[in-house]
Amino acid sequence: LDYRNDIFSKFKIPKRVGSNELRPYQVEAVKAILYNKAGELPFPIGGIKAATNAGKTTMMAAIHIAVGRRTIMLLNDSDLFEQFRKEIPELLPDTEIGFVQGNKSLENLKADFVVAMVKTLSTNLKEITNELADFDVCLVDEYDLADNFTYKSVLERLYNSSIRGGLSGTSFMGTLKKH
């Protein structure tokens, strides 16, 4: 039994995120994760395949706004990290945002919305396990690449994140068994 029912209360999906108005398919994608069920039980876990220009960053920000809880976004690409460093503050201007890349940035894990390089988190797991347990929402960019030891070690420590979403433009593209 999950006694955290308050987190599954009616989500208020925003119509706007920053200066962006959500497109109908973006609203549907956010709803697909937040209102997912396993039988009759809330099961807000899922993956969204979205093209490169679909506005995945906007959808992730919309999930954070709709839930209104602490959120961590996991990345493994430094170019994407720099892109999010620019875009997330524009989308969430009233939110305390932390960026974690490198050991000196670990104190940023206390923010309400954290963008983190998964390699930094994996390297410092012993020091940050308690901080990771405090996140209610976990979002993974390019989630189809997250099936490796580094990601798994971090995801296992996000055990209180009952809302989990992954977004990718390349999911299910590979023909190998591991894909």
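Ser161 is buried in this predicted model, with a relative accessible area of 3%, and the loop that holds Ser161 runs between helix 6 (149-157) and strand 10. Not counting residues up to four places away in sequence, Ser161 touches Phe135, Asp136, Val137 and Cys138.

Thr123 belongs to helix 4 (residues 118-123) and is exposed, with a relative accessible area of 52%. Thr123 and Gly102 are 21 residues apart in sequence, while their C-alpha atoms are 9.4 Å apart in space. The two residues with a stated accessibility are set out below.

| Residue | Relative accessible area | State |
|---|---|---|
| Ser161 | 3% | buried |
| Thr123 | 52% | exposed |

**The chain and its sheet**

The protein chain contains 6 helices and 10 strands, and buried residues make up 46% of its 179 residues. Among contacts between residues at least 6 apart in sequence, 68% join residues at least 24 apart.

An open sheet is formed by 6 strands in the order 5-10-9-6-8-7, and the pairing is parallel. Strand 5 (45-49) and strand 7 (97-100) stand at the edges, each with a single partner strand, so one side of each is left without a neighbour in the sheet. From one strand to the next, the twist averages 15°. Within this arrangement, strand 9 and strand 10 pair in the parallel sense over 5 bridges, and Val140 stands opposite Gly166 in strand 10. Helix 3 lies across strand 6, strand 7, strand 8 and strand 9, and runs at about 170° to strand 7.

Because 11 of the 12 residues are buried, helix 2 is largely enclosed by the rest of the structure. Just after helix 2, Gly68 takes a positive phi of about 70°.

The largest nonpolar core has 35 residues, and those with the most contacts inside it are Leu34, Ile63, Met73 and Val115. Two or more residues of this core come from each of helix 1 (24-34), helix 2, strand 6 (71-75), helix 3 (78-91), strand 8 (113-117), strand 9 (137-141) and strand 10 (163-168). The largest share, 7 residues, comes from helix 2.

Val115, one of the residues with the most contacts inside the largest core, touches Met73, Leu75, Phe81, Phe84, Ile88, Gly98, Phe99 and Val100, not counting residues up to four places away in sequence. Met73, which Val115 touches, is likewise among the residues with the most contacts inside that core.

Notes. Residues numbered from 1 in each chain as written. Predicted model: local features only at pLDDT ≥ 70, side-chain atom pairs only at ≥ 80, totals over all residues. Heavy atoms only, no water. Buried < 20%, exposed > 50% of the residue type's maximum accessible area, 1.4 Å probe, protein only. Helix = DSSP H or I, 4+ residues; strand = E, 2+ residues; numbered from the N terminus. Core = buried A, V, L, I, M, F, W, Y, C linked by side-chain atoms within 4.5 Å. Contact = heavy atoms within 4.5 Å. Pairing = 2+ DSSP bridges. Axes fitted to C-alpha atoms, helices over the stretch in contact; angles between N-to-C directions.
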